[in-house]
Amino acid sequence: MVATTTEQLTALASTTVVVHPLVLLSVADHHARSVPKGSTKRVVGVLLGQDNGKTINVANSFGIPFEEDERDPKTWFLDHNYIEGMWEMFKKVNAREKMIGWYHTGPKLRASDQEINDLLKRYIARPVMVIVDVRPQTVGIPTDAYFAVEEIKDDGTETRKTFLHVPTAIEAEEAEEIGVEHLLRDIKDSTTTTLSTRVSEQLASLRGLQSRIGDIQKYLSDVAAGKMPVNHQIVYHLQDALNLLPNLNDPETTQSFASTTNDELLVVYLSSLMRAVIALHALVDNKASLGKAELEEGKGKDAKKDEKGKGDKKKEDEKKTDKAASKPTDPKGAT
């Protein structure tokens with residue numbers, strides 16, 4: 001574990017971990033095959049890619065046998081011989097990809113993470129730990145990346161082992177983008193329209209934003225209550241984010257927001273009117289079609305009744321004629 005000063009921590013925190021979709025699919029498949037539904041167990045694996053200093057490119061992964069006692073998080077087993085065997089085979093396939101870290105499906109940090117990270121330092125000089133949240137209700141980016149550091153305080157106080165959170169991003173190469181696009185096309189619900197899909201995506205984004213704002217609020221409340229120490233880097237980032245917000249006290253800004261909102265609401269209002277008119281027009285057309293069909297059906301029934309009446313009358317006339325022809329002649333009337 002690297003001893004790190006405050007300046008080095010700041011430099012390390014600017015490192016970005018780029019995770020490819022292939023890794024997310026592999027981790028999700030690993031979890032689905034290994035963990036039964038309803039269980040809180042996690043799976044562990046090794047990450048492969050390139051460490052370029054400021055950017056860590058996670059392009060591939062493989063799972064490893066891992067067991068831990070749910071009642072005692074300090075009791076766990078990891079087959080490092082399996083890691084060595086898999087690494088030898090992966091080197092033959094793609095020598096450019098190196099072991100750069102490890103992953104687990106958390107979804108949060110565990111007490112044994114430091115020990116597992118120390119074990120993997122036998123193979124990786126600076127391992128990055130990525131927590132992949134495979135829960136289906138997860139909103140936003142499902143990855144969190146950490147570096148294990150030994151923080152040295154500037155005031156000379158005792159050092160402590162901890163994990164430093166670093167930003168993550170999801171990026172894909174052209175081949176991966178094509179594969180993901182085909183996958184999404186196959187699982188896309190054909191009954192939904194483009195508008196409903198866009199609304200669902202925006203709703204998911206707003207839920208993710210709400211979750212992040214809730215985390216910020218909880219952190220600030222804990223700092224204000226004295227439960228957590230003040231982290232000046234987090235405060236600086238929050239201040240930068242707040243500085244990007246528009247000044248709603250400015251009349252010109254407020255007027256522009258109101259004009260844009262009114263224009264959008266006008267479009268929604270006109271769309272609603274057109275939709276109502278089209279629905280009424282369809283209702284009138286349907287009523288007219290039904291009335292015409294009923295009228296034609298009534299005329300057909302009357303024509304059939306007339307034909308039937310004529311046929312019955314003709315049959316009665318024929319019966320009367322037959323009776324008259326078969327009646328015997330009176331002998332008194334014969335000459």
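Hi everyone, let me start with a term: buried means under 20% relative accessible area, exposed means over 50%, and partly exposed is in between, using a 1.4 Å probe and protein chains only. With that, Asp 51 counts as partly exposed because its relative accessible area is 37%.

Before going further, a word on what we have here. This is a predicted model, where local features need pLDDT of at least 70, side-chain atom pairs count only at pLDDT 80 or more, and totals for chains, interfaces and linings use all residues. Residues are numbered from 1 along each chain as its sequence is written, and side-chain values use heavy atoms, with hydrogens and water left out.

Now the overall picture. The protein chain has 8 helices and 11 strands; helices (H or I, at least four residues) and strands (E, at least two) are DSSP runs, numbered from the N terminus. Of the 335 residues in the protein chain, 24% are buried. A contact here means heavy atoms within 4.5 Å. Among the contacts in the protein chain with a separation of 6 or more, 65% are between residues 24 or more positions apart. The protein chain exposes about 24,200 Å², and carbon and sulfur atoms supply 58% of that; these accessible areas come from the Shrake-Rupley method with a 1.4 Å probe, and for residues only the protein chains shown count as cover.

Let's go to salt bridges. The rule asks for a side-chain nitrogen of Lys or Arg within 4 Å of a carboxyl oxygen of Asp or Glu. How many salt bridges does that rule give? The count comes to 11. Back to Asp 51, then: its side chain meets that of Arg 126 in a salt bridge, at 2.9 Å from N to O. This pair links distant parts of the chain, with Arg 126 in the loop between α4 (113–120) and β8 (128–132), and Asp 51 in strand β3 (residues 44–51), 75 residues apart. Arg 126 counts as partly exposed because its relative accessibility is 29%.

Two other salt bridges are worth a look on the screen. Asp 133 and Arg 135 meet through their side chains at 2.7 Å, N to O. Asp 133 is buried, because its relative accessible area is 15%, whereas Arg 135 is partly exposed at 41% relative accessibility. Salt bridges that share partners also join Arg 42, Glu 68, Arg 110 and Asp 113 into one network. Then there is Asp 69 with Arg 71, whose closest N and O atoms are 3.8 Å apart. Asp 69 is partly exposed at 28% relative accessibility, and Arg 71 is exposed, with a relative accessible area of 78%.

In α4, 6 of the 8 residues are buried, so the helix is mostly covered by our definition. The buried ones are Asp 113, Gln 114, Ile 116, Asn 117, Leu 119 and Leu 120.

Asp 113 also has a partner in His 104. Their side chains make a polar contact at 3.4 Å, a polar contact being a pair of N or O atoms within 3.5 Å; within protein, one must be able to donate a hydrogen and the other to accept it, and residues adjacent in sequence count only if both atoms are side-chain atoms. His 104 lies in strand β7 (residues 98–104). Is His 104 buried or exposed? It counts as buried, because its relative accessibility is 0%. Leaving aside residues up to four places away in sequence, His 104 touches Arg 42, Val 43, Val 44, Asp 113, Met 129, Val 130, Ile 131 and Val 132.

On to aromatic rings. Rings of Phe, Tyr and Trp (its six-membered ring) pair if their centres lie within 6.5 Å; planes under 30 degrees apart count as stacked, over 60 as edge-to-face and the rest as tilted. That gives 3 aromatic pairs. One of them is Phe 62 with Phe 90, stacked at 5.2 Å centre to centre with 20° between the planes. Phe 62 sits in strand β4 (residues 55–64) and Phe 90 in helix α3 (residues 80–93), 28 residues apart, so to speak a link between distant parts of the chain. Both Phe 62 and Phe 90 are buried.Last, the surface. Leu 266, Tyr 269, Leu 270 and Leu 273 make a nonpolar surface patch of about 390 Å². Patches are made of residues with over 30% relative accessible area and no salt bridge, joining like charges within 9 Å and nonpolar side chains (Val, Leu, Ile, Met, Phe, Trp, Tyr) within 5 Å. Leu 270 is found in helix α8 (residues 251–326). Thanks, everyone!
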